[in-house]
Amino acid sequence: MAERGRRKRRSAELRALRIASDRAEAEMIRRHLEMTPEQRLDFLRVKLPGGGSAL
Amino acid sequence: MNAHPYLRAVARALAKERLEAVMIGNAAAALQGAPVTTQDVDFFVRDTPRNRAKIKAIADDLGARAWQPYYPASKMLQLQSDTLPMPVEFVFVAHGIRSFEGLRSRAVEMTFDDGDWSVLVASLPDIIKSKRSAGRPKDQAVLPVLEATLAQKEKMRG
């Protein structure tokens, strides 16, 4: 019984997380689409000497 | 990092040498409004001896060297220089792109700095098609956000 309750709660938490993540992505896309072409030029990620990359 | 000074230099060299090139890949997707980043800038060009000569001239203009990675297998020329923080690639063949003319007809000319310079940018559906066709993990990874951007653009267009 307690196990079923935990699973249900976990499933609800994951669903809420997915909805929040989708909303955040949609908001980020909306912000980008409202940018001017000049503002959209911040896309370069440069390689770092020790490996990896940074904006 | 902001690509403005570097892309402006490349765009001016393209204009000077009259090379017709359409920007593709993640840089093009970013200019189309997708929240993505990239380490290089790719242009699709017709594979002609004249265009190859123009690319060499552009390399000279930018103080870069043009070379063909994985020669002779690759169908591209890459520009590399200490003054460019990113490689600039001119590709002659790309997944999902059948012809330069088709890509060019659907591309948009994006202008910057009040019309001071411009680049031809592939349409988002063409970028998505190319990435889907390439099918590499890094292309697959970016597809959901590109598709979501396209959906949002169409929604905003009404």
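This is a predicted model: local features need pLDDT of at least 70, side-chain atom pairs count only at pLDDT 80 or more; totals for chains, interfaces and linings use all residues.
Leaving aside neighbours within four places in sequence, I found B:Met23 in contact with B:Ala28, B:Val41, B:Asp42, B:Phe43, B:Val119, B:Leu120, B:Val121 and B:Ala122. Contact here requires that C-beta atoms, placed from the backbone, lie within 7 Å.

I noted the conventions next: residues are numbered from 1 along each chain as its sequence is written, and chains are lettered from A and ligands numbered from 1 in the order in which they are written. Local features need pLDDT of at least 70 and side-chain atom pairs count only at pLDDT 80 or more, while totals for chains, interfaces and linings use all residues.

I then turned to the largest nonpolar core. It holds 49 residues, and B:Val22, B:Met23, B:Ala28, B:Phe44 and B:Ala122 touch the most other members. Such a core is a set of buried Ala, Val, Leu, Ile, Met, Phe, Trp, Tyr and Cys residues joined through C-beta atoms within 7 Å. I counted a residue as buried if 20 or more other C-beta atoms lie within 10 Å of its own, exposed if 12 or fewer, and partly exposed in between. H1(B) gives the most to this core, six residues. Helices (H or I, at least four residues) and strands (E, at least two) are DSSP runs, numbered from the N terminus.

I examined the sheet of chain B. Seven strands form an open sheet in the order S3-S4-S5-S2-S1-S7-S6, with mixed pairing; strands pair if DSSP finds at least two bridges between them. S3 (65–67) and S6 of chain B are the edge strands, each pairing on one side only. S3(B) and S4(B) (residues 76–80) run antiparallel, joined by three bridges, and B:Arg65 stands opposite B:Gln80 in S4(B).

I followed helix H5 (residues 124–134) of chain B. Its buried residues are B:Leu124, B:Asp126, B:Ile127, B:Ile128, B:Ser130 and B:Lys131. The elements of chain B that cover them include S1 (22–24), H2, H4 (100–106) and H6. Just after H5(B), B:Gly135 takes a positive phi of about 65 degrees.

Finally, I checked where the chains meet. I recorded 25 residues of chain B in contact with 19 residues of chain A. On the chain B side, H1 (4–17), H2 (25–31), S6 (108–112) and H6 (137–157) each give two or more residues. H6(B) supplies the largest share, six residues. That side divides into 16 nonpolar, eight polar and one charged, where Ala, Val, Leu, Ile, Met, Phe, Trp, Tyr, Cys and Pro count as nonpolar, Asp, Glu, Lys and Arg as charged, and the others, Gly among them, as polar.

Definitions and conventions:
Two residues are in contact if their C-beta atoms, placed from the backbone, lie within 7 Å.
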